[in-house]
Amino acid sequence: MRISDSDEPVAARRRLVLAGVAGFAVGAGMIGVLWASTTAVSGPTADAKAACAALARAEPLPEGRVGRGTLEPGVLQHIMAADALASAAAEVSSTYDDLADHIDGVRRMALSLNFADPNGRRHLAQAREICGTV
C-alpha cells in the first residue's frame, strides 16, 4: 500500500470542506449586505415611520363622540403607540417635532373619546400629511 494513495481521499475531502465553508461565508456576506441595504433607516426615522404605521392602523377613526365600549379594539393602543414612537423620534431628532406634536393632539382627542374635536381633526390631518413625507 502506498502512502500517497491513502492521503488522496483526505486531501480531496479537505478541498470540498474548504470550498463549502468558503461558499457559506460568501453567501452569508451577500445576505448581510442585502439586508443592510434594505434596512438602512436611521433610528429616529425608523421610529417616525413606525409611528405613522401605528397611526394608520388605528384608522378609520369614528366621526363623533363615542363610548369606550363602542370603539374598535386596539384603536387607543395604536394611537398611544404612535404617540410614544413619535416622541422618541423627536427626542433624538428635532426633524420630527411637528410629527410628535400633531400625533400628541390626536392622542388627546382619542383619550377624550370626542373624535369630532376640530383641533384633534386638524392634528390628525397634519399628522397624515407629515406621514406622507416620512
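This briefing describes salt bridges, the nonpolar core and selected local features of the structure shown above. The model is a predicted one. The count of salt bridges comes to four, and the largest nonpolar core has 28 residues. A cis peptide bond joins Glu 59 and Pro 60, and Leu 113 has a positive phi although it is not a glycine.

**Salt bridge between Glu 59 and Arg 128**

- Glu 59 forms a salt bridge with Arg 128, and the closest N and O atoms of the pair are 2.3 Å apart.
- Glu 59 is partly exposed, with a relative accessible area of 26%.
- Arg 128 likewise counts as partly exposed, at 41% relative accessibility.

**Salt-bridge network around Arg 107**

- A network of salt bridges links Asp 83, Asp 104, Arg 107 and Arg 108.
- Within this group, the side chains of Asp 83 and Arg 107 meet in a salt bridge with an N to O distance of 3.1 Å.
- Because Asp 83 lies in helix α3 and Arg 107 in helix α4, this pair ties together parts that are 24 residues apart in sequence.
- Arg 107 also forms a salt bridge with Asp 104, where the closest N and O atoms are 2.7 Å apart.
- Asp 104 and Arg 107 both lie in helix α4, and their spacing of three residues is about one turn of the helix.
- Asp 83 and Arg 107 are both buried.
- The relative accessibility of Arg 107 is 18%, which is under the 20% cut-off, so Arg 107 counts as buried.
- Asp 104 has a relative accessible area of 22% and is therefore partly exposed, since this value falls between the 20% and 50% limits.

**Nonpolar core**

- In soluble globular proteins, nonpolar side chains tend to be buried together.
- In this model the largest nonpolar core contains 28 residues, and those with the most contacts inside it are Leu 55, Leu 61, Leu 71, Ile 79, Leu 99, Ile 103 and Phe 115.
- Helices α2, α3, α4 and α5 each supply at least two residues of this core.
- The largest share of the core, seven residues, comes from α3.
- Apart from neighbours within four places in sequence, Leu 71 is in contact with Pro 62, Val 66, Leu 76, Leu 113 and Phe 115.

**Backbone features in the loops**

- The peptide bond joining Glu 59 and Pro 60 is cis, with omega at about 5°.
- Leu 113 has a phi near 60°, a positive value in a residue other than glycine.
- Leu 113 is located in the loop between α4 and α5.
- At 13% relative accessibility, Leu 113 counts as buried, and Leu 113 is among the contacts of Leu 71.

- His 102 is placed in helix α4 (residues 97-112).
- His 102 is buried, with a relative accessible area of 13%.
- Not counting residues up to four places away in sequence, His 102 touches Arg 122, His 123, Gln 126, Ala 127 and Ile 130.

Notes
Residues numbered from 1 in each chain as written. Predicted model: local features only at pLDDT ≥ 70, side-chain atom pairs only at ≥ 80, totals over all residues. Heavy atoms only, no water. Helix = DSSP H or I, 4+ residues; strand = E, 2+ residues; numbered from the N terminus. Buried < 20%, exposed > 50% of the residue type's maximum accessible area, 1.4 Å probe, protein only. Contact = heavy atoms within 4.5 Å. Core = buried A, V, L, I, M, F, W, Y, C linked by side-chain atoms within 4.5 Å.
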